[in-house]
Amino acid sequence: MAKKGSHLCFHVLYSFFLFLSALFVLLAAVFPSWIVGYRTNGATVDTNERNTCGFFVYCQSDSSLSCPNYEFVIPKMSNLPILAWQISFGFLAVSAVITWLSFIVSLVTCCFCYSCTKAQIPALTACTIFLFISLIAFGYGLGDVSTSNRPDVIKCDCGVSASRFKTGECDLGYGGGVTIVACLLCAITIGLANKVKKMDLEAGMIA
């Protein structure tokens, strides 16, 4: 028995928020602007120009932070010499897989396999926790952002004043903000998933 009327509309709304959550998680993982720092050239720092840096993407920029050309680093954990950033990206990647799979499953549960919605609730709860851990791990690794850590990979230098959860001479980019939005969207989606589950129970679609 397929969903109809307000039941179907609410499920579509749930799927839409799932899509938004998955999209923002994916954007957070590939976002090129997590920190904005001085450009490095080998072991020296050019204080006249800035770089915007993500996990595997960065771009050279001027003081206005315009980024016409992005440079991509091969997405391997070995290209992230900071352990905390490896952990941060790992949790982002897992969260992306969870949200995209949940979105695909939500399209299926519109017509059948209604009990799958129950499994999505704990999965999305774990995703929200993972995103929060990712933010914590990223901040924890800020103290290691310097030219001493693979300047061929880390293109932003935050200076000796950088430490755990302190950006030093760097500025925060938009990556953290995108991740926070993803957390909020996942939290809203969990509430919608519980409502869909309740409506499915009332309609006798699940036991």
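Me: Is S88 buried or exposed, and how do I read that?

Reply: Buried means under 20% relative accessible area, exposed over 50%, and partly exposed in between, using a 1.4 Å probe and protein chains only. S88 is buried, with a relative accessible area of 0%. Keep in mind that this is a predicted model, where local features need pLDDT of at least 70, side-chain atom pairs count only at pLDDT 80 or more, and totals for chains, interfaces and linings use all residues. Residues are numbered from 1 along each chain as its sequence is written, and side-chain values use heavy atoms, leaving out hydrogens and water.

Me: Which residues is S88 in contact with, beyond its neighbours within four places in sequence?

Reply: Contact means heavy atoms within 4.5 Å. For S88, that gives F55, S134, A137 and F138.

Me: Where does S88 sit?

Reply: Helices are DSSP runs of H or I, at least four residues, numbered from the N terminus. S88 belongs to helix α2, which covers residues 83–108. Other buried residues in α2 include W85, L92 and F103.

Me: What should the 26 residues of α2 span?

Reply: The expected span is 1.5 Å times one less than the number of residues. For α2 that comes to 38 Å, and its end C-alpha atoms are 38 Å apart, so the two agree.

Me: How many residues has the largest nonpolar core?

Reply: A nonpolar core is a set of buried Ala, Val, Leu, Ile, Met, Phe, Trp, Tyr and Cys residues joined through side-chain atoms within 4.5 Å. The largest here has 30 residues, with W85 and L92 among those having the most contacts inside it. Its largest share, six residues, comes from α2.

Notes:
Helices (H or I, at least four residues) and strands (E, at least two) are DSSP runs, numbered from the N terminus.
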